[in-house]
Amino acid sequence: SSEGGQTKTWAAGAAPPAGAAGTSAASSSLDTKDVGQTGASSSTTAPEPPPPGATVATTGTGKGSRGRGGMGFSFVDQALGRASDAAESGLSAALAKASDAVATGTGKRPEDWVNGAMAKAAEAKDKVFSTSVNLRQQITQQMDAALAHVDNSKVNALLDSALAAKVMDGKNMPASIRKAADQVAGRQLQEAIASGEPRRLKGALVAAKRLNATSLPEFGEAVQKYHEVKKLPAGWDVGKMVLHREGDKMLAKNDIEDASVKAKFQQLLDLTHRKVYTRDRMGEAVPERLELVGVTVVTNDDLWGDYMARREAIRQELVADGDDFVRYTYETTTTPAETTVEGERAESIAAALAADFAEPLLPEVNEVYMFHGTSAQAAASIAARDFRINLAGANAGTLYGRGIYFAENASKSDEYTRPTGDNLRYMLLCRTVLGRAYYSDTKETDPRACEDACCRGRFHSVLGDRRKCRGTFREFIVFDEEQIYPNYILVYRRKAAVVDPTRTFQVLCPADSPPGSTLQVVTPDGTKLNVVVPPGVSPGQTFPVQY
């Protein structure tokens with residue numbers, strides 16, 4: 001008997017101990033019908049059990065001949081082994097019958113069909129390659145003739161064909177195609193430079209990129225001209241923006257690697273972090289700190305041009321009519337005087353960032369840096385295509401109308417971020433023109449009145465002072481996308497806070513509420529609160545909620 005890896009032998013004339021494996025009638029034989037149901041032949045039979053009093057001995061490690069430890073007599077294992085072999089044999093027979101049926105019905109065996117399909121695929125691949133080579137030769141020959149006859153119309157048509165056939169991809173472009181591409185791109189760039197029109201310059205630059213003609217001297221000259229006429233900031237790399245454009249946008253996103261510059265952003269996160277809980281945290285604790293992981297600077301010429309034009313228009317409006325204009329201070333640009341600061345203050349950080357990117361902020365139009373919490377995907381989309389008013393309020397609510405919401409405190413904008421799989425979060429730091437702000441410090445708000453004040457009235461933004469009426473944060477709302485430039489994408493992680501047990505209670509997760517679901521609960525003090533079921537919490541489990 002094999003038990004626990006030990007081999008036991010019963011002496012002749014002695015009966016196995018009571019309860020020993022293999023002593024019952026059920027285990028002394030195999031039902032051949034049951035074996036047959038596993039796929040083996042019904043003629044399979046089990047070996048006869050040993051006669052009474054015979055010596056029964058097994059050897060090995062206790063796992064049995066087929067790895068079945070502790071099963072008892074070896075004849076049971078042998079029977080099961082035969083059944084398994086019969087099952088495999090039955091499966092092979094079934095496959096052989098299926099193959100024969102296919103051959104009888106079609107005249108070909110399955111492997112013949114597979115080999116035939118593979119041969120046809122290889123033949124098709126060879127034809128495609130042959131066609132590509134022939135097309136390349138034809139375009140090249142026709143281009144030689146078009147260049148010799150100075151047939152510009154034909155040259156342009158053949159370049160279109162070369163682009164479609166991917167003849168211009170890679171470094172092995174035929175010499176005549178290369179010559180034609182340089183001629184066409186160079187001529188377009190020269191004409192655009194002479195015109196001085198931003199639209200023609202942009203079109204010529206983009207065309208040169210498509211023709212792989214960015215190494216031409218005219219390309220560099222057109223880049224410089226475009227930089228001048230668009231009045232882009234001095235540090236912007238227009239050539240890189242052309243090469244990395246997204247859709248119809250000339251755009252570049254550059255990661256900041258300088259540790260001293262990244263330290264300024266971390267300092268700004270620290271200076272504007274206030275550990276104040278609001279309902280928008282949905283029961284999550286306020287982080288102890290927001291720890292910066294990376295910063296990406298965004299250069300988008302279309303968004304910047306629209307932003308600067310709108311800033312100038314608002315400046316002129318305020319020069320002509322300065323009534324109701326109040327120049328506010330903001331924690332992103334001015335550290336409160338009573339705040340003790342280790343290191344740089346917000347005003348010097350904001351001034352350095354603004355000057356390094358483009359030009360100083362304009363206090364006379366309430367131009368400031370503002371935070372906007374979002375997701376990774378939304379941050380990339382906003383940087384490329386701007387904010388979308390039609391989606392405003394989808395994440396932050398519409399307390400002050402259907403606008404785009406910002407905060408001067410990073411800890412407020414953090415409430416609206418969504419983590420990635422590795423718990424990274426994304427926040428935008430935007431240059432924002434607030435202009436003449438419509439001020440509201442009441443607990444109850446009128447969203448329509450806020451919208452009318454900005455969309456039909458003389459105001460340019462709303463300042464909702466929840467810090468004054470609720471002790472939380474001030475919120476800033478803009479209704480015109482052109483008053484915002486998404487300047488930096490901040491990537492960070494939350495540093496968990498120590499939870500205050502006096503402001504925490506347990507919530508039971510309902511049966512129909514998977515992680516990510518929103519629940520409405522009542523706090524111990526009777527306040528209704530919306531909370532989100534955290535990751536990893538299953539129905540029936542409890543989770544802590546801070547209030």
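I kept to the numbering from 1 along each chain as its sequence is written. Since the model is predicted, local features need pLDDT of at least 70, side-chain atom pairs count only at pLDDT 80 or more, totals for chains, interfaces and linings use all residues, and side-chain values use heavy atoms, with hydrogens and water left out.

I looked up ring pairs, taking rings of Phe, Tyr and Trp (its six-membered ring) with centres within 6.5 Å, stacked if the planes are under 30 degrees apart, edge-to-face if over 60 and tilted for the rest, and the count came to 14 aromatic pairs. Among them I noted Phe357 and Tyr485, a tilted pair at 5.7 Å centre to centre with 40° between the planes. Phe357 belongs to helix H11 (residues 346-357) and Tyr485 to strand S11 (residues 484-495), so the pair ties together parts 128 residues apart in sequence; helices (H or I, at least four residues) and strands (E, at least two) are DSSP runs, numbered from the N terminus. I found both Phe357 and Tyr485 buried, that is, under 20% relative accessible area, with exposed over 50% and partly exposed in between (1.4 Å probe, protein chains only).

I also saw that ring pairs link Phe357 and Tyr485 with Trp236, Phe265, Trp304, Tyr307 and Tyr488 into a cluster.

Turning to H11 again, I looked up its contact (heavy atoms within 4.5 Å) with H9, where Lys264, Phe265, Gln267, Leu268 and Leu271 in H9 meet Ala346, Ile349, Ala352 and Leu353 in H11.
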